[in-house]
Amino acid sequence: MEPLLLVEDKAELRAMLRKALERAGYAVEEAPDGSSAVNKVRAQRFLVVLTDLKLPGCSGLDVLRASKEADPTIPV
């Protein structure tokens, strides 16, 4: 199964969300900022992208645009 991408700049919140998603059976890839997330969606396919809107580097809307450019069907 393809992993989902979790984009959150707050490390504690990102860790909590990752644990909850992994307990639910998902493989999780993380990005701590918008720029990292954009690079990841351009390089790898994800099941879904869960992103914060306010991020350092690029915004969540930039992550949305890059995700849709890489795969127009991906849920963000």
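Leu53, Leu61, Leu64 and Val76 make up a nonpolar surface patch with about 330 Å² of accessible area together. Patches are built from residues with over 30% relative accessible area and no salt bridge, nonpolar side chains (Val, Leu, Ile, Met, Phe, Trp, Tyr) being joined within 5 Å and like charges within 9 Å. Accessible areas come from the Shrake-Rupley method with a 1.4 Å probe, and for residues only the protein chains shown count as cover. Buried means under 20%, exposed over 50%, and partly exposed in between (1.4 Å probe, protein chains only).

The model is predicted: local features need pLDDT of at least 70, side-chain atom pairs count only at pLDDT 80 or more, and totals for chains, interfaces and linings use all residues. Residues are numbered from 1 along each chain as its sequence is written, and side-chain values use heavy atoms, with hydrogens and water left out.

The protein chain has 3 helices and 3 strands, in the order β-α-β-α-β-α from the N terminus. Helices (H or I, at least four residues) and strands (E, at least two) are DSSP runs, numbered from the N terminus. Of the 76 residues, 32% count as buried.

The largest nonpolar core has 12 residues, including Leu5, Val7, Ala31, Ala37, Phe46, Val63 and Ile74. Strand E1 (4–7), helix H2 (34–43) and H3 each give two or more residues to this core, and H2 supplies the largest share, 3 residues. A nonpolar core is a set of buried Ala, Val, Leu, Ile, Met, Phe, Trp, Tyr and Cys residues joined through side-chain atoms within 4.5 Å. Ala37 touches Leu5, Val7, Ala31 and Val63, not counting residues up to four places away in sequence; contact means heavy atoms within 4.5 Å.

There are 7 salt bridges, a salt bridge being a side-chain nitrogen of Lys or Arg within 4 Å of a carboxyl oxygen of Asp or Glu. Three of them are listed here.

| Pair | N to O distance |
|---|---|
| Arg45 and Glu2 | 2.6 Å |
| Arg14 and Glu30 | 2.9 Å |
| Asp62 and Arg65 | 2.9 Å |

Arg14 counts as buried, at 12% relative accessibility, whereas Glu30 is partly exposed at 23%. Arg14, Arg18, Glu22 and Glu30 are linked in a network of salt bridges. Asp62 and Arg65 are 3 residues apart in helix H3, which means a separation of about one helical turn.
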